[in-house]
Amino acid sequence: HLESLTSVYDILEKKYTSNEDRLRDIIKRLEILPQIREQGQENLENAPDLRMRLAAQKAQIAYSSFGELSNALYKMAKVEQTQKKINTVSIVAREALKKYADFLRDTLEKKEYTDFRLGEENYSALLKDVYFLSEPISKYQKTVEAEIEETQKILKSLLAPYLLDILSEEEQAQRTDEEGNLVVLPSDYYLVRNTKFSQTPTLGEIAPTYASVYQQASQFFTEQELFVMPDLALSLQKNPQYLKQPYTASLFLPPYPFAARQSGDLLLNIPSEEDTADLTNLFTYSDIRIDAVQKMMPGIHLSYNATLDSQQVLTNISNDMFYVNGWAAYSLKFAQKAGFFEDEADNLNIAWLNYKRALYALADIKMQTKTLNYTQTLDMLISAGINDEEATERIDFLAINPANALSYVIGAKEFEKL
């Protein structure tokens, strides 16, 4: 039911018609938000605890950041009557969000525990009926486990030389095995990254850096005759607070309304001046290059240029995360193999990203099939080298988005077969 608010932000961000028409559509949606809130409360029966907790958090974020939305709408309106209408519906919508957040928290305190996991049968049905993946889950798990083994080997080989340079002789001696080899752990990535590859642009340079990488990648792949230059426009904007996701640099909005051949939009999660951690965690120059290749060229944005000029085809593609996420992961590997990435930081960060994606895919399978519970899955990720905060965020995401992590690994494998 909170997704109804997401549609408001989509209309705000996508300039598909005049401001007046978009405001009319947004006002209509905000007006019915109280009814949607009531429906949500009536329909909520025995929902899993974790889903309710995350929904309550999302409702609270929507409530606290609503001023950002109403201010943007007010600035769009040029007519005084429309401005007054925006103020009126904003008050009503914001109150509905607060009531929903309070309701979810109160209900959560009173209810008994309910398992959020799908179970093997339902997880298998989701893959088969929704994403047309009919192989046994055990086969996908073996594919993922092989991917973990391969990506971890690559990651460790890239980390080793940097560790020899960073660690003191005493530290190296403490981490040397019986055969005289330095023991390298996946978690050493954080040390190497923070020591060697933490250079970032300023906040004001983030969007221009993305644009520069987009131009470089477009030129590189067209000159190599690997891909054609996208013919759909692409805009870069700052992502509203409500749509931001932790540990994510950007959000890509497809070129809808599809029939109108509108532009794609890359919404950047540009941090505030106080959030220096988000800047160094998400927006080093290498992070931007990697994200731009996956989301822009030859990533997701290009995939909408290369499809048939059919609204139905584009709609199907947009809804199939194995296509969208799989193409993003595949395009990154393709770009690396084609020689687009020459920087040492790029190759290390790509190795880490591929390793994490394989780990998350395994966590997805084991948690949703009830092989592991929430705590056991979290322990698995932390033991494999993911820091506590990121591991917790990712497990929460996987809990309410089954098969999402799997889509990157299996989707990319399907493109590799073509």
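Arginine 357 sits in helix H17, which spans residues 344–368; helices (H or I, at least four residues) and strands (E, at least two) are DSSP runs numbered from the N terminus. This is a predicted model, in which local features need pLDDT of at least 70 and side-chain atom pairs count only at pLDDT 80 or more, while totals for chains, interfaces and linings use all residues. Residues are numbered from 1 along each chain as its sequence is written, and side-chain values use heavy atoms, with hydrogens and water left out.

**A buried arginine**

- Arginine 357 is buried but has no salt bridge. Here buried means under 20% relative accessible area, exposed over 50%, and partly exposed in between (1.4 Å probe, protein chains only); a salt bridge is a side-chain nitrogen of Lys or Arg within 4 Å of a carboxyl oxygen of Asp or Glu.
- The nearest side chain of opposite charge is aspartate 291, 6.9 Å away, with Lys and Arg counted as positive, Asp and Glu as negative, and His and the chain ends not counted.
- Apart from neighbours within four places in sequence, arginine 357 is in contact (heavy atoms within 4.5 Å) with Gln294, Ala329, Leu332, Ala405, Tyr408 and Val409.

**Salt bridges**

- The count for the model comes to 21 salt bridges.
- Arginine 193 pairs with aspartate 287, their closest N and O atoms being 2.5 Å apart. Because arginine 193 lies in helix H10 and aspartate 287 in helix H13, this pair ties together parts that are 94 residues apart in sequence.
- Aspartate 343 is in the loop between H16 and H17 and arginine 289 is in helix H13, so the pair links parts 54 residues apart in sequence.
- Within helix H6 (residues 80–110), aspartate 102 and lysine 98 are 4 residues apart, about one turn of the helix, and their closest N and O atoms are 3.0 Å apart in a salt bridge.
- Aspartate 102 is partly exposed at 24% relative accessibility, and lysine 98 is partly exposed at 30%.

**Helix H10**

- The buried residues of H10 (residues 188–196) are Asp188, Tyr189, Tyr190, Val192 and Arg193.
- These residues pack against H8, H12 (276–282), H13 (285–295), H17 and H19 (388–400).

**A glycine in helix H16**

- Glycine 326 lies in helix H16 and is buried, with a relative accessible area of 0%.
- Leaving aside neighbours within four places in sequence, the contacts of glycine 326 are Met321, Ser407, Tyr408, Gly411, Ala412 and Phe415.

**Backbone features to look at**

- The peptide bond from methionine 297 to proline 298 is cis, with omega near 5°; proline 298 is in the loop between H13 and helix H14 (300–305).
- Phenylalanine 132 has a positive phi of about 60° although it is not a glycine. This residue is in the loop between helix H7 (120–129) and H8, and phenylalanine 132 is exposed, with a relative accessible area of 66%.
- Glutamate 225, another residue other than glycine with positive phi, has a value near 55°. Its place is the loop between helix H11 (206–223) and strand S1 (234–238), where glutamate 225 is exposed at 73% relative accessible area.
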